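Thanks for coming, everyone. I have one structure to walk through today. Please look at it on the screen first.

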Amino acid sequence: MCLPSKVKGQTVQMIAVLVGNVLNFNFGLTFGVTSSYARLYESPERTPLAHVAQPQEITWMGSILFLSAAMASLVFGPISYKIGPKSVLLLCGLLQMASWFCVHFASDMLHIYSSRVCAGIAGGAAYTVLPLYISEIAEGPAAKASLNVSVEIWRACGIFIGFIFGSYLNYDYVAVVGILISFFFSMVFPFVQESPYYFLRKGNMAGLEKSLRWFRGIRSIDDRNNPEFDHELAQIKNSLHEKTQLIESGPSASQLVKILFGDLVLAVASQLGGIFTILSYGSIISNSATPLKLTGDILVLIFAVVHLLATLVAKAFSGCVNRRMLLVITSLGSAMCFLLGAVYSLYEHTWDMDDDIAAWIMPILFALQILFASAGFITVSTTVFMENIPKKSQYKLLGMLHFLSWIAVFAIIHYYVPIVHSVSITGLLLIFTLGSFAVTIGALFFYDKIQSAKELECNGNSIPNGRYANVHI
């Protein structure tokens with residue numbers, strides 16, 4: 001990619017991740033249009049398909065996106081170790097383009113399923129591989145945390161735009177916009193350098209040095225003899241022979257089991273009532289109590305705005321807030337919102353309350369829950385995984401954790417109706433409450449060592465020239 005000769009390394013890294021986040025924006029766009037498209041396909045007068053979609057088909061249309069994302073996370077994490085993160089991300093761009101082509105030319109639900117599978121595979125793979133790419137190009141814990149949170153921001157932005165497009169833009173135009181976004185990524189991202197650690201694993205020292213210079217912003221001839229860069233490059237090359245981490249030995253077996261169990265709890269529990277569930281069914285649950293005069297589209301759009309703003313708040317504090325404290329506070333806040341919602345759902349008919357006031361109680365509780373979750377445990381979960389998983393295992397374990405996370409979303413989305421029929425709305429909200437409380441318990445008992453990015457740097461987790469050790473052999 002042609003960049004000015006004096007651009008800083010952190011700016012280069014931000015640009016590379018910004019282009020990569022086009023994939024997450026596109027995935028959010030695909031999810032955002034789902035509810036509007038579902039109503040369109042079910043309408044005998046307005047459907048663009050050859051036949052009206054049945055309720056079971058609509059259910060699969062919504063859930064298959066997350067099932068395919070789960071499978072992609074499990075498969076493409078290890079694959080990206082072999083062929084490089086950049087190659088996998090480029091494949092994701094092509095899959096997203098194919099997805100929107102399927103939507104544009106769809107004549108039956110089989111085409112829609114194909115579109116959702118392609119979009120799910122691309123979104124799931126990108127959500128796993130991009131943080132791995134970030135961990136290998138970024139300089140220091142604060143930069144890594146900030147760039148990882150940007151993944152959530154761009155996905156949230158895509159969801160917000162998707163709800164607007166789905167409701168107010170012509171059906172055919174949305175697909176064209178999606179194709180153009182995918183085309184932009186596929187044209188620009190090839191000019192971004194591959195991770196320097198991919199070249200290290202392949203033994204390509206020339207490629208390693210070229211990539212590292214690009215990501216550290218060293219282009220001018222006058223900057224070629226940079227002692228900090230030379231020191232970092234030497235340490236990375238030495239790690240190929242040592243096959244060890246540069247800074248510290250890995251955790252003991254008991255500590256590793258404890259950390260991984262905490263990661264497992266966070267991956268699954270955080271999605272029991274996570275953002276995708278509330279955005280999919282929040283308006284339905286809210287109107288199951290006292291109906292609100294707002295339409296479901298407006299209510300969901302409000303939830304999407306809260307989600308986006310909360311991720312921006314998370315980014316602002318990503319480098320300075322203690323992760324453990326953040327997980328505890330936000331998960332407790334989320335749990336209390338769900339618990340109050342369950343109590344209100346159970347006893348609303350016994351309370352003497354004005355309908356105009358009562359109609360706002362559940363939407364406000366959901367908006368607060370989204371605020372807590374998006375500013376905390378949902379947004380920083382990948383950062384916590386990356387900071388706690390042993391670096392040599394990240395390519396396998398991060399994909400596995402994201403697989404479990406996506407499966408939890410799929411289960412709630414696909415089986416929402418049977419779950420509600422079995423346990424009622426109150427029971428469902430109590431399940432969500434337990435999920436949020438599980439995050440609290442996991443943070444208290446399994447994450448006793450996690451810190452903020454600034455604390456990590458101050459405690460010596462950076463190499464002498466100030467760059468963070470992120471060796472992946």
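Some ground rules. This is a predicted model: local features need pLDDT of at least 70, side-chain atom pairs count only at pLDDT 80 or more, and totals for chains, interfaces and linings use all residues. Residues are numbered from 1 along each chain as its sequence is written, and side-chain values use heavy atoms, with hydrogens and water left out.

Start with the pair. Two packed helices are described by the angle between their axes and the distance between the axes. Here we have α15, residues 323–347, and α16, residues 355–375. Helices are DSSP runs of H or I, at least four residues, numbered from the N terminus. The axes of α15 and α16 come within 8 Å and cross at roughly 160 degrees. Axes are lines fitted to C-alpha atoms over the stretch in contact, and angles run from 0 to 180 degrees between N-to-C directions. α15 and α16 are therefore roughly antiparallel, a label for angles over 145 degrees. Their crossing is left-handed: the near helix is turned anticlockwise from the far one by less than a right angle.

Which residues of α15 and α16 meet? On the α15 side, they include Leu326, Phe338 and Tyr344. On the α16 side, Ile361, Leu365 and Phe372 are among them. Contact means heavy atoms within 4.5 Å. By class, this contact has 14 nonpolar, 6 polar and no charged residues. Nonpolar covers Ala, Val, Leu, Ile, Met, Phe, Trp, Tyr, Cys and Pro; charged is Asp, Glu, Lys and Arg; the others, Gly among them, are polar.

Next, α3, residues 34–42. Its buried residues are Thr34, Ser36, Tyr37, Ala38, Leu40 and Tyr41. Buried means under 20% relative accessible area, exposed over 50%, partly exposed in between, with a 1.4 Å probe and protein chains only. Those α3 residues pack against α2, α4, α5, α6, α7 and α8.

Ser115 lies in α6, residues 109–137. Is Ser115 buried or exposed? Buried, at 2%. Beyond four places in sequence, Ser115 is in contact with Ser99, Cys102 and Val103.

Now Cys102. Cys102 is partly exposed, at 24%. Its sulfur is 5.4 Å from the closest cysteine sulfur, in Cys118, too far for a bond. A disulfide needs two cysteine sulfur atoms within 2.5 Å. The count is 0 disulfides.

Last, Ser424, in α19, residues 416–446. Ser424 is not a glycine, yet has a positive phi of about 75 degrees. Ser424 is partly exposed, at 34%.

Methods: Helix = DSSP H or I, 4+ residues; strand = E, 2+ residues; numbered from the N terminus. Parallel < 35°, antiparallel > 145°, perpendicular 65-115°, else oblique.
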